[in-house]
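This report describes a protein chain for a computational reader. The sequence and the coordinates are shown first.

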Amino acid sequence: MIVDRKKTAKDILGNPYYLAISYGGYREKSRDIQPTIQQLKDDMKILSAMGIKILRTYNVQLQQVPNLLIAISQLNAENPSFEMYVMLGAWIDCHNAWSGHTPNHEIESEHNAGEIDRAVALAKQYPEIVKILAVGNEAMVHWATNYFVRPKVILKWVNHLQTLKKDGELPEDLWVTSSDDFSSWGGGDPIYHTEDLIKLINAVDYVSMHTYPMHNSHYNPAFWLVPDNEWNFSNKQKIESGMQRALEFATKQYEGVSNFVKSLGVDKPVHIGETGWATTSNGPYGADGSKAADEYKSGKYYRLIREWSNKEKVSCFYFEAFDEQWKDAANPLGSENHFGLINLKGEAKYAIWNLVDEGNFKGLTRDGIPITKTFKGQREDLLLEALLPPLA
């Protein structure tokens with residue numbers, strides 16, 4: 001089968017056939033060591049075997065994303081039926097972000113213009129692959145204290161990209177958005193309901209919102225604690241019920257954003273740009289904290305959010321494809337290192353054990369290692385490590 005690579009974001013977003021995921025291919029503890037094009041190609045074959053057809057990336061400051069686009073281009077040339085598209089992220093910061101100086105959230109970084117230029121160049125070079133440009137990642141939410149900017153900065157760059165589309169410098173069917181926390185999109189605290197946010201919602205082609213019940217099991221735990229009427233449940237029932245509440249928490253945040261957009265009289269799609277569940281934590285989500293992070297719960301959340309989003313025809317860029325140990329390099333058991341569906345040993349986590357059983361990864365390797373199952377596929381051992389949510 002020869003793939004029609006002229007499909008647009010409008011064709012693929014919200015289409016359950018085009019599963020989406022957040023992707024980073026870093027294997028080592030530092031991003032100074034970039035994945036090779038061959039490693040990126042191997043990752044793409046694995047993701048394709050999982051049914052993934054849309055990737056989300058986060059910045060174009062380093063070589064990984066340009067090399068990723070080369071890798072996908074080569075796979076397209078080698079196999080006319082191969083299909084993978086990209087939501088290309090451009091990182092946005094405020095002045096003095098990550099510098100050791102006090103961040104100035106009222107002024108944007110002088111580096112943003114170069115980042116946008118690089119993203120534009122790649123979108124022009126690879127129109128058959130890059131279908132979405134995302135300006136910033138969690139760049140407006142106030143808890144991103146190191147780098148957040150005001151909505152007017154995101155609006156400025158979104159308008160810039162939309163102008164390039166109108167002028168014919170970018171494909172007219174390329175969709176432009178920003179990917180941010182549900183609250184930043186008006187789904188929560190009214191402090192975010194500003195005139196510039198309303199202008200931004202009108203300017204983007206769709207809204208990309210984030211929701212993380214796992215993080216909120218610590219920061220807003222009311223939904224997570226076992227209610228009084230479930231104290232007599234079995235341990236397994238308590239966990240299952242907790243995961244249903246986690247799904248409800250996520251979908252309510254989605255509905256909050258969607259309802260706010262509709263309240264403005266705006267009719268635009270809302271998709272999930274990021275959600276996920278870590279399998280390990282020695283911090284606030286682990287055994288000494290909210291007891292949320294373990295592989296059984298992660299697998300349950302993955303399946304629940306996929307089922308819901310596919311049914312509702314909402315694209316869900318699940319975070320993330322593979323574990324990446326650079327994210328909390330000094331703390332190997334930190335949750336940020338353990339959001340992947342496949343670990344650094346090439347083992348598929350519980351969420352996708354079924355794909356191993358079905359033979360989807362036959363003949364595929366990651367760094368020369370065939371894809372096998374964590375816990376050697378022993379569900380009893382997996383359940384022994386599942387943590388009980390705390391009682392209310």
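## Basis of the model

This is a predicted model, in which local features need pLDDT of at least 70 and side-chain atom pairs count only at pLDDT 80 or more, while totals for chains, interfaces and linings use all residues. Residues are numbered from 1 along each chain as its sequence is written, and side-chain values use heavy atoms, with hydrogens and water left out.

## The barrel

Eight strands form a closed barrel in the order β1-β2-β3-β6-β7-β8-β9-β10, with parallel pairing. The average twist from one strand to the next is 25 degrees. Strands are DSSP runs of E with at least two residues, helices are runs of H or I with at least four, and both are numbered from the N terminus. Two strands pair if DSSP finds at least two bridges between them.

Strand β9 pairs with β10 (residues 316–318) in the parallel sense over 2 bridges, and Ile 272 lies opposite Cys 316 of β10. Helix α9 packs on the sheet and touches β1 (19–22), β2 (52–56), β9 and β10; the direction of α9 makes about 165 degrees with that of β10. Angles run from 0 to 180 degrees between N-to-C directions, with axes fitted to C-alpha atoms, for helices over the stretch in contact. Contact means heavy atoms within 4.5 Å.

## Two helix pairs

The axes of α5 (residues 151–166) and α6 (residues 195–203) come within 9 Å and cross at roughly 25 degrees; the two helices are therefore roughly parallel (under 35 degrees). Their crossing is left-handed, meaning that the near helix is turned anticlockwise from the far one by less than a right angle. By class, the contact of α5 with α6 has 7 nonpolar, 2 polar and 3 charged residues. Ala, Val, Leu, Ile, Met, Phe, Trp, Tyr, Cys and Pro count as nonpolar, Asp, Glu, Lys and Arg as charged, and the others, Gly among them, as polar.

For α8 (residues 235–263) and α9, the axes come within 10 Å and cross at roughly 45 degrees. The contact includes Tyr 254 of α8 and Trp 308 of α9. Its residues divide into 11 nonpolar, 2 polar and 4 charged.

## Thr 280

Thr 280 is found in the loop between β9 (270–275) and α9 (295–312). Thr 280 has a relative accessible area of 24%. Beyond neighbours within four places in sequence, Thr 280 is in contact with Ala 293, Leu 333, Gly 334, Ser 335 and His 338.

Definitions and conventions: Angles under 35 degrees count as roughly parallel, over 145 as roughly antiparallel, 65 to 115 as roughly perpendicular and the rest as oblique. Buried means under 20% relative accessible area, exposed over 50%, partly exposed in between (1.4 Å probe, protein chains only).
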